[in-house]
Amino acid sequence: EENNMEPSLALTIIGVVMIIVGIIFNAIPKVVNEKTMPDLPPEAVGISALFRVVNGGLGIAIGTVALYCRKLPPEYASIVLFSLGSGFIIVIFTLFSGKLRGFEKELPIPPIILFTLLTIIAYLSS
């Protein structure tokens with residue numbers, strides 16, 4: 001079966017997107033929190049920024065792994081892509097679970113869209 005996208009291109013796209021998101025989360029965590037959680041109580045600003053920075057670090061880590069795996073032979077790169085796609089689905093489910101468990105009133109639509117697109121890229125190229 002022929003892939004719809006070259007694994008190296010898919011890993012590059014996923015890697016760059018994750019690293020950019022991670023850098024933004026690390027560079028301006030309080031601004032990201034203000035945009036995503038405008039009613040955040042003042043006493044939660046610091047710890048929320050810390051968690052945003054940690055999430056950014058994880059994004060950079062995943063993006064770095066994706067970029068380093070670009071040169072793998074296609075059969076191995078496909079395994080990495082399938083794994084990334086599966087991991088992204090878990091992230092999407094955890095975002096939905098936050099609403100279902102009552103942690104937040106609204107679904108966080110931008111990250112759901114982002115991770116859905118990354119999942120599609122990962123699976124179509126694996």
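Of the 126 residues in this protein, 30% count as buried. Keep in mind as you look around that this is a predicted model. The fold comes to 5 helices and 0 strands, so reading from the N terminus you get α-α-α-α-α. Taken along the principal axes, the C-alpha atoms fill a box of roughly 50 × 30 × 15 Å. As for how the chain meets itself, take the contacts between residues at least 6 apart in sequence: 72% of them join residues at least 24 apart.

Past the helix comes glycine 102, with a positive phi near 85°.

Now look at which parts of α4 are tucked away. The buried residues are Ala77, Ser78, Val80, Leu81, Leu84, Gly85, Phe88, Ile92, Ser97 and Gly98.

Two packed helices are described by the angle between their axes and the distance between the axes. The crossing is left-handed. On the α4 side, the contact is made by Ser78, Leu81, Phe82, Gly85, Ser86, Phe88, Ile89, Val91, Ile92, Leu95 and Phe96, while α5 brings Pro111, Ile112, Phe115, Thr116, Leu118, Thr119, Ala122, Tyr123 and Ser125. Sorted by class, this contact has 14 nonpolar residues, 6 polar ones and no charged ones.

Turn next to α1, where the geometry is set up like this: the axes of α1 and α4 come within 9 Å and cross at roughly 40°. These two helices are therefore oblique to each other, and their crossing is left-handed. Pro7, Ala10, Leu11, Ile14 and Met18 of α1 meet Pro74, Ala77, Ser78, Val80, Leu81, Leu84 and Phe88 of α4. By class, that contact holds 11 nonpolar residues, 1 polar and no charged. Ser78, Leu81 and Phe88 are listed in the contact with α1, and they turn up in the contact with α5 too.

While you're on α1 (residues 7–27), stop at valine 17. Its relative accessible area is 24%, so valine 17 is partly exposed. Setting aside neighbours within four places in sequence, valine 17 is in contact with Leu114 and Leu118. The C-alpha atom of valine 17 is also separated by 9.2 Å from that of isoleucine 60, 43 residues apart along the chain.

Last stop: serine 48, which sits in helix α3 (residues 45–68). Is serine 48 buried or exposed? At 14% relative accessibility, it counts as buried, because the cut-off for buried is under 20%. Not counting residues up to four places away in sequence, serine 48 touches Asn33, Met37 and Leu40.

Notes: Residues numbered from 1 in each chain as written. Predicted model: local features only at pLDDT ≥ 70, side-chain atom pairs only at ≥ 80, totals over all residues. Heavy atoms only, no water. Left-handed = near helix turned anticlockwise from the far one by under 90°. Helix = DSSP H or I, 4+ residues; strand = E, 2+ residues; numbered from the N terminus. Contact = heavy atoms within 4.5 Å. Nonpolar A, V, L, I, M, F, W, Y, C, P; charged D, E, K, R; others polar. Buried < 20%, exposed > 50% of the residue type's maximum accessible area, 1.4 Å probe, protein only. Axes fitted to C-alpha atoms, helices over the stretch in contact; angles between N-to-C directions. Parallel < 35°, antiparallel > 145°, perpendicular 65-115°, else oblique.
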